[in-house]
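Please look through the report below with the sequence and the 3D view at hand, taking one topic at a time.

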Amino acid sequence: MDQTVAPLTGRVRELERIAAAARRARVGYPSTVVLTGDAGMGKSALLQAALGGLKDFVLLQGRGSPSSAPERYELAKDLLSTPKGKPLALGSVTGATAQLLDLVGEAQRQGPVVLTVDELERADRESSEALALLVRRLRPGDKVVVLVASRATSAHVEATWQRLERDCPDVEHLSVRGLDSAAVAQLARRHGVRLDVWEAQRLRDHTGGSPLHLMALLREVPTQAWRTLRDYPAPRDHAQLVAERFGCLSKTASDVTSALAVLSRPTSLPELRAMVETGSLDSGLHEAAEADLLKFDARFDPPRAEIHHPLIAAAIRETLTVEHRRSLHLRAAELSVGGSAVEHRVSAAEGLDTALADELVELADDAHGRGEHRLSARYFAWAQQLSPQAEDRERRFLSSCYEHLLDDDVASVIEENDAVQGCAESCERDLVLGMLATRQGQTSEAMQLLRPALAIAQRTGPPRLVARLSAALAEAYHYCDWPGDDAFAAAQAVTGQFVDPVITAELHALRYAHIGASRGVDAALQQISDSNMPDDATLVPLAETDALIIRGLFHYKAGDLEMATTDLGTASRRVRAGSSATVAALGECTAAVAHWFTGAWDQAEVHAELATDIAREVDLPLAHAVAALTPTSRGDMDAADRHLAAAAARSRPGLAPNEILIHAVVGGAYMHATGFKEWPGVFLEPSIVDEAVERALRWKADTSLIFLALGMVMQQSPAKAGAVLDVLPRRRAAPAWVHMARGWVQGLLVETCGDPDGALRTWKRTTEAYGEEKAAPLLQAHLHHDLGRSLMTRGEERQGGQALRRAFDAYRDLGATVFARKAEAALRGVPGTGSGASTAMSALTSREREIARLVGRGLTNREIGSSLYVTERTVAFHLTNIFNKLGVRGRRELRDLVQSV
């Protein structure tokens, strides 16, 4: 079955839940998904996108009535294709349900069925109740998925379907809310508009994330106008409706509503009185509330009022004259504090304002010192717009671009590249262009810009500019293909030149990374230790979070998985507070891989999800590749392939060394799980594999070397694999699991070269020395599996069976389905190891086996839930997994299988 879905911005989670419900229905376990949300949230589009992945399902489709007073059973007639006005054969809810069940049963003869109903809130009550009763009467064996969409405010939908969700474990409720800021930025890019993270969040707050309102604005506002908008408008149709209601208000109500629209936040009545020069507020508040323009909350003391929605506030602001709006912003600035007060003052500014521009520069510098580069870039951009002197405007524009680059918002600077190039020649301009070139992988061009600029700045420039240029040059040297001592010297030279916590922290992390690249992981870890960074990750200062991530990366490369997960886990909890998006995403990727090695796959998936979330800001393909690692080992190759395809689609030239090394682990693991002989994902060119080997050898990155060798064995390239493996034994200080993994891959290499006896000797020797090593349970299971397989071919069934059983148990506990099946197949027929149904049952987790045994005794889901103190929904979820793992089609087959055991 084709489970791909049409692209729909920001709805991955919802589409995956619907796809999971469809998979359950495919094996005879009927499921229902109810989508609720406000108008404009994209429920209909979500239904259509989901149907794009269910093309081999038989489609039964209905929709609520366009009439405000639908006739009885109108929706049921629509589904049953009964002409309007013709009475149903059984004109009752139960009768309509019976006919709908007959319709679904007949459709199932052609294949699995998907029944969709959109705008259920507009349907007649009788049809809604009949549809709910149909869902109740679906039974195991029915290959049916029901998808229903409705507004959350429908009374009869809430009464009927919420009760249904409570009573039936097969009914899942999905609340369709507004898009998050990352999805807003993605939707804007699809319309040719690039927004930085702050702008995307601001637009999301303005529209509530409503796809309908977002797309209206993206169509109506010219592309070039987005970067200079101080106040986002409302969509034209929406603004016209609001303007009509606003125009009907009395002066008192109009003044109150205008003030709240400018404040754009919940406001207490005393504050509102300070904003509005009018008599009693009560009548104005009541009138505006009656017009559905604002809401009043008396639960607070003093009570608060606010505009219903940011779009309503925007529409009201557009109706005000420039002078009126400016005077309100000035009053609001007096009542506000911090950034809010600054925004009101900027909005109230009339033309150029030198004093305010200078104040914004001070605020930008403060934000830079706190590591808040997005806020700093915004303040510099406002200062640029308010500065009367061309020289000041240019300098502040370049400062804004510099802050964007510190925040890894390369896309914003690329958009402004022509404007940067058009600036007068200066060290500041070359700093921005050089950093941009480095981030785009053009390190030679970066050094050609930064070296002369640094030489000039050292003679005439302020220390701060010298420090920034030195740091930028050090970064360029570090990322070039031949990192030499120049980068290290540049970093040392600038340390202490200028007290800037951001530059200092960046240089510490860069210095450690450079030492790792030039002298190896052990030297880098020694340097970090000598720098007095606390061993306890929780005691590392917040400003040094990037350096903590670098230390975690080195521990991972050295094979110290416990220290790696500790450092990276601590950094994960604070990355949003102080790290650049790229470093944060890289740290999450490495944490995901480290947890995968240790067998903590649920935690690995959490870190992979965090990595992909952060990577939306910087478009890091590595995050998508890492997200494929756990699904690959669990046997969910559809999910793995989707993630790898996403990584390949986002791949770019000039991958950073850390990215290449982690890609190698994903690629080798995928090739071993699938048996493919070609590298997946970004490894489309052989040169990238060669570069990965060169990088891994330089860094002495054991984990990457092992999986590069594994991929080469799978690729039938024994000479290359042998050359890589020969490096590993030289590091006797490496953790035991590294030697275990090397022995396992060495055995595969020997076997590939046609020496099965040599392979068996290698695996035996490795098992004797490291067979009890627990640090990397999946690799240990691989070792026991291949040892058992080799022993079986030599007729040593007892020892081979024991090794296979040990591998099978480890695979089962990990949830490594794809490998457990191979071990199970090898175990069949081996005396004393279990076979047939008992072996199949062993593939289940302990909770799944417990539930299967209770099904074998004839208990219902509710009885099982009561017995195990879990919900019926949880029981249903486990049963779906049991059916899939055992290949049975329903409870009857499962009961027969359990009883045979």
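## Cysteines

The structure holds zero disulfides, a disulfide being a pair of cysteine sulfur atoms within 2.5 Å. The sulfur of Cys401 lies 7.6 Å from the closest cysteine sulfur, that of Cys423, which is too far for a bond. Cys401 is buried, with a relative accessible area of 3%, where buried means under 20% relative accessible area with a 1.4 Å probe and protein chains only.

This is a predicted model, in which local features need pLDDT of at least 70 and side-chain atom pairs count only at pLDDT 80 or more, while totals for chains, interfaces and linings use all residues. Residues are numbered from 1 along each chain as its sequence is written, and side-chain values use heavy atoms, with hydrogens and water left out.

## The five-stranded sheet

An open sheet of five strands runs in the order β2-β3-β4-β1-β5 with parallel pairing; strands are DSSP runs of E with at least two residues, helices are runs of H or I with at least four, and both are numbered from the N terminus. Two strands pair if DSSP finds at least two bridges between them. At the edges stand β2 (58-63) and β5 (171-175), each with a single partner strand, so one side of each has no neighbour in the sheet.

Strand β1 (residues 31-36) pairs with strand β4 (residues 144-150) in the parallel sense over six bridges, and Val33 stands opposite Leu147 in β4. Helix α2 (residues 43-51) packs on the sheet and touches β1, β2, β3 (113-118) and β4, contact meaning heavy atoms within 4.5 Å.

Note on methods: Buried < 20%, exposed > 50% of the residue type's maximum accessible area, 1.4 Å probe, protein only. Axes fitted to C-alpha atoms, helices over the stretch in contact; angles between N-to-C directions.
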